[in-house]
Amino acid sequence: MSSDMVITTGGATGTPVAPPARPAASVPGTSGASRMPRGDRAARSAAGRGAPDSRRPEAAWRRRDRRWGYVFVAPQLIGMAVFVLLPFVASLVLAFTSWDGLTELTWVGFENFTAQLQDELLLRSIVNTLLIALITVPVGLGLAVLIAVALEKLKTRTLYLILFFAPVVTSTVAVAMIWQQMFRVDGVLSTTIATVFGVAPPDWLGDPALALLAVCIVSIWSSLGLNVIIFLAGLQNISPSVIEAARIDGAGAWRLFRSIRMPLLSPIVFFSSIVAFISSLQTFDTVFVLTADAGPDNATRTIVYHIYDLGFGRFEFGPSSAASVILLVLTLVITAIQFGVQKKFVHYEDGAA
């Protein structure tokens, strides 16, 4: 029978069926390895004999690009080594010494840590710093989410975003000085409160009960615009089909916000909370400009201000470095706790936490 014959089924009206494919021809007396392509056999044979690598040399333009890459990355690496890595190592070393910047270093071991953990000023600083973080982070992120939802469908939101973002790009010193004038007893804010509520004008920066709240207000106001833009981008990334399906099922605005928007926005909220918490633990410039000597009665004294006061106010660089190490440990512990509890409220679209 001819090899080109077409086999049909079902009589004359059957459908043509292609003949089965023939196996590749083989030469008698040869194995499968002998049918390997000649190039592969040569490469495997050379590898078996331990021959040197026969790959082509790297092109000159690739070497040139790699060198230029090192040139462009070098300033950043040098800057990190000089201004981040070197001070970090020096701070760890100084934490175990006694040094005033002029005399010879004296090794004291863990004496600085023991003294700092028993120092009432450090404990007061830790309490004030945690209060600032616990007030500014939830309130600031909550306001940012509400404002982002309100601006989501607004056509003129660009103007509002510029207004909200202006404090972010403004110097913190300038922001603190502006709010310092507003917080005065005869300032705009105190006068307005006295007029509206019929009470005596509050002394924001002179009352220990209000000074820390004033610092929190400035911190929330200065970071609000960045969080609004981040949350607005997250809201616009939510698929419209999900929102439409929920509306078809009868979900109202509050139900959409609570059951759809917030769960899908939770990864961004988690990221922003970590960044905001770390930033709150490092509060210094607002306190330094807004209040005098972290007063009144150390009411606004934060950990970073305590480190600055020890190092550049009293020239006690050993205790100052020990306090900075304590701040590092506190930051790592709080961040680890946040990562530990994030599985309970962070929802990812792929179902993985």
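**Aromatic rings**

In this predicted model, the count of aromatic pairs comes to 20. One of them joins F315 and F317. Their ring centres lie 6.4 Å apart and their planes stand at 65°, so the pair is edge-to-face. The cut-off for that label is over 60 degrees. The two partners differ in cover. F317 is buried, with a relative accessible area of 17%. F315 is partly exposed, at 45%.

Both residues also belong to an aromatic cluster.

F315 has another feature. Its phi is positive, about 60°, although F315 is not a glycine. F315 sits in the loop between α12 and α13, and α13 covers residues 317-341.

Which other residue has a positive phi, of about 55°, although it is not a glycine? That residue is D293. D293 is found in the loop between α11 and α12. D293 is exposed, with a relative accessible area of 62%.

The loop between α11 (285-290) and α12 (303-313) also holds P296. The peptide bond from G295 to P296 is cis. Its omega is near 0°.

**Salt bridges**

Side chains of opposite charge can pair when their charged atoms come close. How many salt bridges does a search of the whole structure find? The search finds four.

| Salt bridge | N to O distance |
|---|---|
| R261 and E152 | 3.4 Å |
| R301 and D309 | 2.8 Å |
| D309 and R314 | 3.5 Å |

Take R261 and E152, whose side chains meet in a salt bridge. This pair links distant parts of the chain, 109 residues apart. R261 is in helix α10. E152 is in the loop between α4 (120-151) and α5. Are these two residues buried or exposed? R261 is buried, with a relative accessible area of 10%. E152 is buried too, also at 10%. Both count as buried because their values are under 20%.

D309 forms a salt bridge with R301, and the side chains of D309 and R314 meet in another. R301 is buried, at 3% relative accessibility. D309 is buried as well, with a relative accessible area of 18%. R314 counts as partly exposed, at 38% relative accessibility.

**Bent helices**

Helix α10 spans residues 253-281 and has 29 residues. How far apart are its end C-alpha atoms? They are only 35 Å apart. A straight helix would reach 42 Å at 1.5 Å a residue, so α10 falls short of that span. Helix α10 also bends by about 50° at S266. A proline, P267, follows within four residues. R261, the salt-bridge partner of E152, belongs to this helix.

Helix α5 covers residues 157-169 and has 13 residues. From its first C-alpha to its last, α5 reaches 18 Å. That is close to the 18 Å expected at 1.5 Å a residue. Yet α5 has a kink of about 25° at L163. The kink lies shortly before the proline P167.

**A nonpolar patch on the surface**

Eight residue names make up a nonpolar patch on the surface: L85, F88, V89, L92, V93, W107, L328 and L332. Together they have about 760 Å² of accessible area. Which elements give two or more residues to the nonpolar patch? They are α2 (60-94) and α13. The largest share, five residues, comes from α2. L85 is one of the patch residues, and its place is in helix α2.

An α-helix has 3.6 residues a turn, so residues three or four places apart point the same way.

Conventions: Residues numbered from 1 in each chain as written. Predicted model: local features only at pLDDT ≥ 70, side-chain atom pairs only at ≥ 80, totals over all residues. Heavy atoms only, no water. Buried < 20%, exposed > 50% of the residue type's maximum accessible area, 1.4 Å probe, protein only. Phe/Tyr/Trp six-rings, centres within 6.5 Å; stacked < 30°, edge-to-face > 60°. Patch = residues over 30% accessible without salt bridge, like charges linked within 9 Å, V, L, I, M, F, W, Y side chains within 5 Å. Areas by Shrake-Rupley, 256 points an atom, 1.4 Å probe, with all protein chains shown as cover. Bend = angle between axes of the 7 residues up to and from the residue.
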